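Trainee: Can you walk me through a model I just opened? I'd like to go from the overall layout down to single residues.

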Amino acid sequence: MATEAIKASAERRLFGLDRETVGPALLVLALAAVMGIVLPSIDNNTSYRHEVHDGDVVRLADGITLIPAASWDLASGSIAGETRSPIGSTATTELVKGGPRFSVEAAPFAGTPSSLLTRIDEIDANLADAKGRAAEMTDRYAVTTRQGIVGVAEDFVGVTREGSVTAFVFHPVAQSATSPRAGEGVEVVVSGLPDAISRNRDDIVAMIRSIMAAS
């Protein structure tokens with residue numbers, strides 16, 4: 001009886017494991033592989049949800065828009081005329097093209113572009129993430145949109161990334177009708193590898209200059 005019990009026990013085992021536990025164990029390993037390897041791989045190789053085209057207009061906030069460069073991808077935000085996400089006085093938009101990222105934050109702000117840029121430098125986590133470590137900032141310089149709105153910008157150069165941060169304060173009609181003194185602060189942070197930023201510089205400049213408020 002003891003011999004038969006030992007034989008039966010051996011038959012239930014595979015490579016030292018109880019056969020009854022092999023199935024569940026393999027299922028757990030398969031799920032771990034999916035969660036740890038397959039899904040991240042799919043995420044890294046999946047394009048963003050919306051590639052912008054000529055004629056598209058991105059809504060940055062109530063009464064404020066941007067014309068994106070064709071072939072960039074809208075990772076977050078809203079295309080005018082399409083129902084995608086609610087847009088109010090506070091909103092986030094991100095455009096990407098491979099490595100370079102073009103991030104726009106909009107929120108009510110009553111000060112000047114220069115004071116907004118100072119505040120961004122002091123507390124903005126997005127800017128800190130974009131700059132990376134050991135980034136050096138250039139002197140500030142003026143940036144003018146095609147609408148004639150003058151903002152303030154500065155460039156940064158890090159060990160592996162470079163880019164710029166630009167601050168504008170707009171006064172859209174939608175806001176001024178109810179609160180004449182209200183302003184909408186718009187922060188634009190661009191970052192990426194130096195070569196990629198250089199290749200896409202014309203697109204980046206054009207998108208920054210295309211930002212406008214309804215008048």
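Mentor: We will start with the chain as a whole, then take the strands, the cores and a few residues.

Trainee: What kind of model is it, and how are residues numbered?

Mentor: This is a predicted model, in which local features need pLDDT of at least 70 and side-chain atom pairs count only at pLDDT 80 or more, while totals for chains, interfaces and linings use all residues. Residues are numbered from 1 along each chain as its sequence is written, and side-chain values use heavy atoms, with hydrogens and water left out.

Trainee: How many helices and strands does the protein chain have?

Mentor: The protein chain has seven helices and 15 strands. Both are DSSP runs numbered from the N terminus: helices are H or I with at least four residues, strands are E with at least two.

Trainee: And how much of the chain is buried?

Mentor: Of the 215 residues, 35% are buried. Buried means under 20% relative accessible area, exposed means over 50%, and partly exposed is in between, with a 1.4 Å probe and protein chains only. The accessible surface comes to about 12500 Å², of which 57% belongs to carbon and sulfur atoms; the areas come from the Shrake-Rupley method with a 1.4 Å probe, and for residues only the protein chains shown count as cover.

Trainee: What about contact range in sequence?

Mentor: Among contacts between residues at least 6 apart in sequence, 54% join residues at least 24 apart. Contact means heavy atoms within 4.5 Å.

Trainee: On to strands. Is β13 mostly covered or uncovered?

Mentor: Strand β13, residues 162-170, is mostly covered, with nine of its nine residues buried. Glu162, Ser164, Thr166, Phe168 and Phe170 point one way, while Gly163, Val165, Ala167 and Val169 point the other way.

Trainee: Why two sets?

Mentor: In a regular strand the side chains alternate between the two faces of the sheet.

Trainee: Which strands does β13 pair with?

Mentor: β13 pairs in the antiparallel sense with β12 (residues 150-157) over six bridges, and with β14 (residues 184-192), also antiparallel, over nine bridges. Two strands pair if DSSP finds at least two bridges between them. Phe156 has Gly163 of β13 as its bridge partner, and Ser164 has Val190 of β14. β12 and β13 form a hairpin with four residues between them.

Trainee: There's an open sheet too. What is its strand order?

Mentor: The order in that sheet of four strands is β7-β4-β5-β15, with antiparallel pairing. Its edge strands are β7 and β15 (212-213), each of which pairs on one side only. Inside it, three bridges join β4 (residues 58-61) to β5 (residues 64-66), and Val58 has Leu66 as its bridge partner in β5.

Trainee: Which residues have the most contacts inside the largest nonpolar core?

Mentor: They are Leu66, Trp72, Leu95, Phe102, Val186, Val188 and Ile211, in a core of 27 residues. β4, β5, β9 (101-108), β13, β14 and α7 each supply at least two residues of this core. A second, separate core of nine residues includes Leu117, Ile120, Val152 and Val189. A nonpolar core here is a set of buried Ala, Val, Leu, Ile, Met, Phe, Trp, Tyr and Cys residues joined through side-chain atoms within 4.5 Å.

Trainee: You mentioned α7. Which of its residues are buried?

Mentor: In α7, Ile204, Met207, Ile208 and Ser210 are buried. They cover an arc of only 165 degrees around the axis, which puts them on the same side of α7; the arc is that of the directions from the helix axis to the C-beta atoms.

Trainee: What does the side chain of Ser210 lie by?

Mentor: A polar atom of the Ser210 side chain lies 3.0 Å from the backbone nitrogen of Ile67. That is a polar contact: a pair of N or O atoms within 3.5 Å, where within protein one must be able to donate a hydrogen and the other to accept it, and residues adjacent in sequence count only if both atoms are side-chain atoms. Ser210 has a relative accessible area of 4%.

Trainee: And Asp56, where is that?

Mentor: Asp56 is in the loop between β3 (50-51) and β4. Asp56 is buried, with a relative accessible area of 15%, and its side chain reaches the backbone nitrogen of His53 at 2.8 Å. Not counting residues up to four places away in sequence, Asp56 touches His50, Glu51, Ile67, Pro68 and Ile79.
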